[in-house]
Amino acid sequence: MLVIGISGSPRKNGNTDLLLDAVLEGSASNGAEVKKFYLSDSVCSGCLGCGRCADTGSCNIDDYISEIYDCIGRADAVILTSPIYFESISSWMKTFIDRGQFLWSNNLDQSHSKKGLFISVAARLNTDFVCVEKTIRIFFKTLGFHQEKSLLFPGFEEPGSILDAPFALEEAREAGRKLVVERSH
Ligand SMILES: Cc1cc2nc3c(=O)[nH]c(=O)nc-3n(C[C@H](O)[C@H](O)[C@H](O)COP(=O)(O)O)c2cc1C
């Protein structure tokens with residue numbers, strides 16, 4: 001089983017990154033192969049809206065994001081992470097999601113046998129994450145993935161401050177283990 005994590009924060013070892021590590025650790029502890037991508041490792045093109053994918057079923061752009069989508073094709077579970085930026089997902093994650101437009105025009109496996117999980121952290125304690133959840137829900141639906149309950153943690157601003165909340169990291173590890181365990185039944 002392959003579990004891949006896609007980090008939408010430019011802060012390595014930041015809060016969402018540490019939570020992603022904990023999820024991947026949980027999945028690996030249950031025997032999964034895990035792989036992580038940092039979207040900020042490469043500046044990629046946004047969707048050009050050229051519409052060619054509607055004819056060909058694939059994206060005309062070839063860059064790091066294309067590599068990630070190739071890997072998603074082989075994955076059994078995909079974890080997306082994004083910090084809250086201006087009450088939305090980061091531009092890194094939005095660019096990645098928009099580039100998934102080619103999937104919309106493909107004949108996707110709609111069996112929902114693959115799993116999707118979203119992780120987000122916000123500084124403001126009363127953040128409700130409603131805005132980001134909608135985008136993520138539509139994305140996983142487009143992929144034909146079954147979406148697991150998101151891990152959403154308000155009230156953490158400084159990089160690494162999530163380490164002060166062991167409950168959050170344990171919840172993330174448990175979510176990672178669950179991605180693997182429940183699939184094998
Ligand atoms: C450009 C930018 C915009 C942000 N906007 C918000 C916001 O609208 N609401 C909020 O609660 N936190 C906001 N934050 C704070 C981050 O969500 C918070 O620091 C989070 O822990 C960062 O996660 P990371 O360490 O994984 O990058 C913003 C941070 C940045 C850099």
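The questions and answers below go through a predicted model of a protein chain with a ligand.

Residues are numbered from 1 along each chain as its sequence is written. In this predicted model, local features need pLDDT of at least 70 and side-chain atom pairs count only at pLDDT 80 or more, while totals for chains, interfaces and linings use all residues.

Reader: Which pattern does the protein chain follow along the sequence?
Author: The chain has seven helices and six strands. Helices (H or I, at least four residues) and strands (E, at least two) are DSSP runs, numbered from the N terminus. Read along the sequence, the pattern is β-α-β-α-α-β-α-α-β-α-β-β-α.

Reader: What is the radius of gyration of the protein chain?
Author: The C-alpha trace spans about 50 × 40 × 25 Å along its principal axes. The radius of gyration is taken over C-alpha atoms, and the globule rule is 2.2 Å times the number of residues to the power 0.38. For 185 residues that rule gives 16 Å, and the chain is close to it, so it is as compact as a globular protein of that length, with a radius of gyration of 16 Å.

Reader: Which element gives the most to the shell around the ligand?
Author: The ligand is surrounded by 19 residues, and the closest are Gly14, Thr16, Pro83, Ala122 and Arg124; a residue counts as near if its C-beta atom, placed from the backbone, lies within 6 Å. Helix H1 (15-29) and strand E4 (115-122) each supply at least two residues of this shell. With three residues, the element that gives the most is H1.

Reader: How many residues of the shell around the ligand are charged?
Author: Ala, Val, Leu, Ile, Met, Phe, Trp, Tyr, Cys and Pro count as nonpolar, Asp, Glu, Lys and Arg as charged, and the others, Gly among them, as polar. The shell has nine nonpolar and five polar residues, and its charged residues number five.

Reader: Which residues touch the most other members of the largest nonpolar core?
Author: Such a core is a set of buried Ala, Val, Leu, Ile, Met, Phe, Trp, Tyr and Cys residues joined through C-beta atoms within 7 Å. Of the 45 residues in the largest one, those that touch the most other members are Leu19, Val23 and Ile79. The element that gives the most to this core, with six residues, is H1.

Reader: Where is isoleucine 89 found, and is it buried or exposed?
Author: Isoleucine 89 is in the loop between strand E3 (77-83) and helix H4 (91-98). A residue is buried if 20 or more other C-beta atoms, placed from the backbone, lie within 10 Å of its own, exposed if 12 or fewer, and partly exposed in between. Isoleucine 89 has 25 such atoms, so it is buried.

Reader: What does serine 58 touch, not counting residues up to four places away in sequence?
Author: Serine 58 is in the loop between helix H2 (52-56) and helix H3 (64-74), and it is partly exposed, with 15 other C-beta atoms within 10 Å. Two residues are in contact if their C-beta atoms, placed from the backbone, lie within 7 Å. By that cut-off, serine 58 touches Cys53 and Phe102.

Reader: Which residue in E6 is the bridge partner of isoleucine 119?
Author: Strands E4 and E6 run parallel and are joined by four bridges; two strands pair if DSSP finds at least two bridges between them. The partner of isoleucine 119 is leucine 151.
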